[in-house]
Amino acid sequence: MEYVLVTFPTDRFVYIDDEQNGRTNEVLRVDEGTHVFDLGPYANYRPGSRKVTVKDTTPLEPREIAFYRLEDE
Amino acid sequence: MRAPAALVVALLLQACGSFPPNPSLERYVPKAGYSFGKLELGRHNTDELFVIVTFSGGGTRAAALAYGVMEELRATPIGRPGEGARLIDEVDVISSVSGGSFTAAYYALRGEKLFDEFPDLFLYRPIQSELLREMLLPSSWPKLAGASYGRSDLAAEFYDRELFRGATYAELIARKTRPFVVLNATDMTTGTPFPFLQDQFDMMCSDLAGVPLARAAAASSAFPGALTPLTFQNYAGSCEYRQPSWVQIAIDDTPLRLNARRRAVAENRLSLAAALEAKPARPYIHLTDGGVADNIGLRGPLDALSSPNHPWSVVQMMNNGPIDRLVVIAVNAATGAAVERDQSASVPGLIDTVVTAADVPLGNYSFDTVELLGKAALENARDARLVEQCNRLSAARGAQCALKLPSARKVDFYPVQVSFGYIASPEERAWFRGLPTTFELPAETVTRLRAVARRLLAEDPQFQKLLKDLRNPG
């Protein structure tokens, strides 16, 4: 099992490979390999999606995947 | 004289059987049909307690063991006294193979009428003799002479008439509630599990709703040699089907040598897809016994426990939060090795050697599959403990040192095993492990199998821990 932490200033749904998978700022489970992450339809964030290869993580060191709010820029 | 002879030949050819084609799907609609997400929680079922049950192959021996486990689950009260909730109400998914698929499919169709109807209709019935009689009937011969009709097609007709009474997957969809029951066959060409769910049939542009449960059970239990494979038509390319986005991503990961299993699943999905000119590379899919690919019925659930890309991903449910306790009950009717050949110095014969060459790797694979379940539970517990320990150790050094590391949602995992190998008495264990694989067992044997299933489940340490934790939550 691999672990990711998708960060965003507010609480949002996280989509992994187009499927809803938990929320932002929580440690989420995923399998090893490349996955596409996004925050769903209300697109007030950038980048629009992130394609990330997840490997060699631990629950103590999840892979961080950051999204930023457009209004903050 | 020539004309009547030609007429007779023509009539005979017309009488020759051909497999009943599975219906095509007019247009692909994601997650429609018989899919996990379409089923609602039944009364007394919660997502906090998520229960997966797997039924192995092994003919009537496996069907009876599975039935006994269902009896014990029904007899196990949970929750507050007086509410009437039982552990059987919490079963969310059943994954089955071969003999176990009959119990699973009947429960999916008839719910708790299983307990009134199934023993007489299947468990205590000489199914094997009746099937043989059916095959020897002169009226069956012309059908069996057809090149695309085999003994399993005849068996499917028998199950349809005598057990499932014409029911198709449309009736499971209409029931609307869990458990989600996945009957597994084996794709002969790829050697991979072929689960009967709409996600699988979507790739073939076929509508599972129109497939008789009897054909799914017959494919799942088409024991090689005794029964023939079953043919399904692949209409890929005719319904605007689109593979999920992860499939191409997994293929693209190949140079990175990451997650070979995910890539293999992706490649297997693409093997069913349309090739050139929107026509499938494999217009017919031949299915044999599910036990050839996985005789425990556990591979699908293991994938669901490890990947967010599975059609009923448990990882996805764990990420989304509702699951507190995850229970996997593996009901395994595997028998032991026969030792008769070792009583003699004679060189084992050809049949014995060929059967052994086919059977032993399957047994070893099943052993590894069950071991993977234990490893998955250990990994889950170890990862959860790691974060807890770090937080505890840092806090012990004073509030200013407390880390409060974020962690994945905690899920308590209970891997439960029902297997003859856990019978304490060597004599009793040997007796159960010496039972044959057949669709016909003496009534007393079936009754003993039901009883031992209940006992083995109740005695399992993880099962006992689950019941204790449910009585004392927190």
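Helices (H or I, at least four residues) and strands (E, at least two) are DSSP runs, numbered from the N terminus. By that convention, B:Val355 sits in helix H15 (residues 350–396) of chain B. This is a predicted model, in which local features need pLDDT of at least 70 and side-chain atom pairs count only at pLDDT 80 or more, while totals for chains, interfaces and linings use all residues. Residues are numbered from 1 along each chain as its sequence is written, and chains are lettered from A and ligands numbered from 1 in the order in which they are written.

**Chain B overall**
- Chain B has 18 helices and eight strands.
- Its radius of gyration, taken over C-alpha atoms, is 24 Å, close to the 23 Å given for 474 residues by the globule rule, so chain B is as compact as a globular protein of that length. The rule is 2.2 Å times the number of residues to the power 0.38.
- Along the principal axes, the C-alpha atoms of chain B fill a box of roughly 105 × 60 × 55 Å.
- Of the 474 residues in chain B, 43% are buried. A residue is buried if 20 or more other C-beta atoms lie within 10 Å of its own, exposed if 12 or fewer, and partly exposed in between, with C-beta atoms placed from the backbone.
- Two residues are in contact if their C-beta atoms, placed from the backbone, lie within 7 Å. Among contacts in chain B between residues at least 6 apart in sequence, 82% join residues at least 24 apart.

**Interface between chains A and B**
- The contact draws 24 residues from chain A and 30 residues from chain B.
- On the side of chain A that touches chain B, two or more residues each come from strands E1 (2–7), E3 (19–23), E4 (27–30) and E5 (33–38) of chain A.
- That side of chain A divides into 10 nonpolar, six polar and eight charged residues. Here Ala, Val, Leu, Ile, Met, Phe, Trp, Tyr, Cys and Pro count as nonpolar, Asp, Glu, Lys and Arg as charged, and the others, Gly among them, as polar.

**Strands E1 and E4 of chain A**
- E1(A) and E4(A) pair in the antiparallel sense over four bridges; pairing requires that DSSP find at least two bridges between the strands.
- A:Tyr3 has A:Arg29 in E4(A) as its bridge partner.
- E4(A) is covered on both faces, with A:Val27 and A:Arg29 buried on one side and A:Leu28 and A:Val30 buried on the other.

**Nonpolar cores**
- A nonpolar core is a set of buried Ala, Val, Leu, Ile, Met, Phe, Trp, Tyr and Cys residues joined through C-beta atoms within 7 Å.
- In the largest core, of 113 residues, B:Leu65, B:Ala66, B:Val69 and B:Ala105 touch the most other members. Helix H2 (residues 59–74) of chain B gives this core its largest share, nine residues.
- A second, separate core of 14 residues includes A:Val4, A:Tyr45, A:Phe67 and B:Ala408.
- Beyond its neighbours within four places in sequence, B:Ala105 contacts B:Val181, B:Leu183, B:Leu213, B:Ala216 and B:Ala217.

**Selected sites in chain B**
- All eight of the eight residues of helix H13 (residues 299–306) are buried, so this helix is largely enclosed by the rest of the structure.
- B:Gly42 lies in the loop between helix H1 (2–15) and strand E1 (49–55) of chain B, and is partly exposed, with 17 other C-beta atoms within 10 Å.
- Leaving aside neighbours within four places in sequence, B:Gly42 contacts B:Asp89, B:Thr177 and B:Arg178.
- B:Val355 is partly exposed, with 13 C-beta neighbours inside 10 Å.
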